[in-house]
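Hi,

Here is the structure I said I would pass on. Have a look at it first, and my notes on what turned up follow below.

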Amino acid sequence: MKTWFDRKLYKEGLRQLRVPGIVCSGILGIISILVLLIIQMDRSNYVDILQNIDTRMIYGFNPILYLIPYGLPVLMILKLFRFQNQRNGSDFYHSIPHTRICLGISYLAAALTWILGILWGCSLFTGLFAQLLPATDVLWGESIRFLFHSTTASLLAGAGVFLAASVTGTLFTNLAASAMILCMPVLIELVIELNVKGRVDYIYSLHNIFPYMYNTLFNYMICVVSDGFMGYRFGNTGTIHLLGSCLYTTCLAAVLYVAGLILFHKRKSESAGQPASGRKTRALFRVLPAFAITLIPVSVIYQGEAHDGVDWMWIVALYVFAVILYLLYELFSTGKWKSALQSLKGIWLLVVLNIATLLVLAGITSYVQHDIPSAKQIDSVSVLEWYGYGYGYSYFDNQIQDIRFSGEEWSEFASEALQETVVRDQEIEEYWNNTENWEYQSEWFDFTRQPVVIRAGHKTLYRYLYLTDAQQQKMEQMMKDNEAFRNTYMTLPDFKGGSVWIRNNEDIAVGDAQAFRDTFQQEIEAAGFEKWYAYLAHEGNGWFNVIFTDAENTERVYMPVSRMLTPKTYQTCIQYLTEHSTSELEPSQKTALTKLTQGKVDNADLYIQLVDLKADMVQIDQWVDYHSNVYEDELVYYEGEIDPVAFAALLSEIMKEGADETSGYLLMVSGDIYEPQQGDTELNLAIYLSDAQAEKLITLYRESGGDLIEYGE
Amino acid sequence: MLQANGVSKKFEDTQALNRVTCQIPSGCIYGLVGSNGAGKSTLLRMLAGIYQTDEGTILLDGQPVYNNPAVKERIVYVSDELFFLPGANLKRMADLYASIYRNFSYDRFRELQETFGLPENKAIQNFSKGMKRQAAVIMALSASTDYLIFDETFDGLDPIMRNLVKSLVCEDVINRGATAIITSHSLRELEDICDQLAMLHLGGLVLESEVQNLKTSLFKVQIAFREEFSEAAFKELDILQYTRMGSVARLIVRGDRVQTQTLLQQKNPLLLDILPLTLEEVFTYELEAVGYQFQVVEEG
């Protein structure tokens, strides 16, 4: 028992971390409660999606939970293992009747128990508390998925800190080494990938070689930044590789834990208080921060050699900075100037690492440049970021990324296109290497860069294909001939328990989402693939959009509604729109509008849309922001916007004349008018205009300097 | 028996111990003395299994000590630099020791705590230096191990506490058959309590002997003759030091006292006195013999 794990030592470890554990839990719990109470008190500041219910992931209710993997493992593990930094503590723990492995495992287990206990406990507490409050709802499915994500991130962070603590002997070096162990591999991968991609423009990604995006500690932060710190909706960035990320990160953490335990076992008590447990380790950690800096000049040299030369002044400056950092590291870790100066003898290691980096870069670049599979070797091709839809990152573009196009035609096409891409890329490089060409536009580079995934045996290549128009059309036809592709485009999102919304200034929920979706689907099938695809890809979209959301509101899919192809759905949308709006003004609204015509308001924010229903075109679509100018005591609006005062006068006139429901124009006005001492009055109108009324509005708009826009079928 | 066989230890460029061999029989109180930087603490740490030897072995009853929990369970070590958990009181430290040492006795702990009169709930970091040492002794004795290693533990205690600790250690040795290994700078303290004594100097073992034997094997001789004489007259003796004050010679002699006396009497001295040495004098003369000089600061 005392060889591998001791229950009493484990309990002792738990006990030693009791105070910081309880304090951290308390702080996180209090923050959760406070944030939730503030949300309850001030809900008007939040955009409601689900009928006034504030729905978020757990982390949205307490953003501090995001930081747990980055702070808590460092605190807990360094606190428990800090005895290694003190001679008396180190001696004591070396004298106890347990093997080093037993001590390491028992204490690690204690630290991880606290870390994961706080992570899960505080997260679940936050979620349950939010769920109990009125008008808040928790996205449990997404939250639990993210919890697994942050669990693996915490495990990895803990492993890095433990390994660092096993080989260094002061708090400064513990922290510095932790950062290096966790960040350097990712940094090196990133630098190599960026440099290779900088030299080889048709490389889309190298994450089949460099798996850093599977590192949850790294892509976790990408998720936070890309999806917003409030975690309002957890998007695809982090979940796309969730299982793979968790497995990869857990395995990486396991490797680091094993390495840490081995080094912990070998660690000598006399190294307590020393920067590192051995001279070689010390030299390595001393050189790594400087090496990180020198990756910049190495990259500049590597890229500059291929392109437009190198600014050597900056190179020298960066190397000088790196040497200074090298000295400072030694100074901070030993506290001795003499030691810092003597450490310069080891600077040769930095030189060696730089040379090795350049060689690695050259080697990998050469490898990917020559990695061109033949047609026979290619098994399948997938298409990424297909812009045929016209929306870019749209629902169907994402769906078709999973389709593996295979067959002889595809293999030959991909192989040929890739070979041509290599040639074209070389031509482009030679062109730009001639500085005389810098003044000219790249008009002769008449091709589209289409990212694809090429699978050839055990290899997966992420490349851009430089396609001419003819090639792109050919590829498009090949995709359209593929049944899976057709089925994908013909199938609307079908989220069980989900909702459908009519897109408007304030989205309108469709009553029977399933029936709406079924009707829409039937109409698309009746129209047929060719017409539907053409509508989506080339002929522009209607001015109407509906939004399909899943039950947890994590997926939001925008879908255009065609008046020609899906008339029933279109009519349903118009009906919802007019039902949701009014065509009559209430007395308070009339008063507010009158005040606006007199300019006697504090502010006005109005969204104006004029739709030509016969042509199914939006002609006016803008916000008008009528606000106080801080420099002058008057209200102003931006150039190109409709004059709000004139608009209010026209609208009042239209309301008096009454609506003409047989007409072909629909005017929608929504927003708020802020009156002094009255507060804000909300408008939400949908009014049918006569041709004459519409003409007056268009004239007013043109006089204000606005350009009519025309989009629709 | 705890044995060190040809152990060496080097820290960077410093040779702390150089092929030291010693044997510590069980059931005795073993004292370790030496000059500053002699390697005493290093040797103790190796005996306690804290440091690994560069050369040689440390064995307890034939089993290696380093990284051997079964053996280390029989050893408790009190360092010169004491370790306590931050903010811990006596009870908390007792719990820590209890989680580590299987034979830790709470009864013994309470009894010792009362004997020393230390407060149970006060944070040890607020104790005086002497009280901290007392706390460390309490923990060590409560662990009820076979071997107790004290590194300069007595040096911070007042005379009364020192005597108390000595008596408790002796009690453990006598009643439980424990073995104590003690280092101190105060030879007088060791003289009172130790059965065996070893002396280190510059990483090497200068001597190792029973205390009684030390006192009797080294002695001072004061001798005078009618006729002129020199040190050569005593070449058959093992002389550590020879000084002359007028007609009287003072010799520090190692050997059998009775034999030495008989030998000298045969030379018909005018004056012959054979005087015992204190342990401090033994220490001083032995170290001088190996080249450790000290200067006497002259006053005035």
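**What I found**

Let's begin with strand β6 (residues 75-78) of chain B, which is covered on both faces: Ile75(B) and Tyr77(B) are buried on one side, and Val76(B) and Val78(B) are buried on the other. Side chains in a regular strand alternate between the two faces of the sheet. Before going further, please keep in mind that this is a predicted model.

The partner of β6(B) is strand β7 (residues 147-151) of chain B; the two pair in the parallel sense over four bridges.

Strand β9 (residues 196-201) and strand β10 (residues 204-210) of chain B pair in the antiparallel sense, with six bridges. Gln196(B) sits opposite Glu210(B) of β10(B). There are two residues between the strands of this hairpin, and Leu202(B) takes a positive phi near 50 degrees.

Over in chain A there is an open sheet of four strands, in the order β8-β7-β9-β10, with antiparallel pairing. Which strands stand at the edges? They are β8 (508-509) and β10 (556-560) of chain A; each has a single partner strand, so one side of each lacks a neighbour in the sheet. Strand β9 (residues 545-549) of chain A runs antiparallel to β10(A), and five bridges join them. One pair to click on there is Asn545(A) and its bridge partner in β10(A), Pro560(A).

Now for the cores. The largest nonpolar core has 141 residues, and those touching the most other members are Tyr59(A), Phe81(A), Tyr93(A), Met93(B), Phe116(B) and Phe150(B). Helix α6 (residues 100-132) of chain A contributes the most to this core, namely 14 residues. Leaving aside residues up to four places away in sequence, Phe81(A) touches Gly104(A), Tyr107(A), Leu108(A), Phe162(A) and Phe264(A). There is also a second, separate core of 58 residues, and Tyr489(A), Ala513(A), Met559(A) and Val611(A) are among its members.

Back to helix α6 of chain A for a moment, where you will find Thr126(A). Is Thr126(A) buried or exposed? It counts as buried, because its relative accessibility is 0%, and the cut-off for buried is under 20%. Its contacts, again without residues up to four places away in sequence, are Ser32(A), Leu36(A), Ile58(A), Phe61(A), Asn62(A) and Leu65(A).

Helix α13 (residues 312-334) of chain A supplies the largest share of the patch, with five residues. Leu328(A) has its place in that helix, and it counts as partly exposed because its relative accessibility is 33%.

Last one: Lys600(A), in the loop between α23 (587-597) and β11 (603-612) of chain A. Lys600(A) touches Lys595(A) and Pro676(A), not counting residues up to four places away in sequence. From Lys600(A) to Trp114(A) the distance is 61 Å in space, C-alpha to C-alpha, and the two are 486 residues apart in sequence.

Cheers

Technical notes
Residues are numbered from 1 along each chain as its sequence is written. Chains are lettered from A and ligands numbered from 1 in the order in which they are written. This is a predicted model: local features need pLDDT of at least 70, side-chain atom pairs count only at pLDDT 80 or more; totals for chains, interfaces and linings use all residues. Side-chain values use heavy atoms; hydrogens and water are left out. Buried means under 20% relative accessible area, exposed over 50%, partly exposed in between (1.4 Å probe, protein chains only). Two strands pair if DSSP finds at least two bridges between them. A nonpolar core is a set of buried Ala, Val, Leu, Ile, Met, Phe, Trp, Tyr and Cys residues joined through side-chain atoms within 4.5 Å. Contact means heavy atoms within 4.5 Å.
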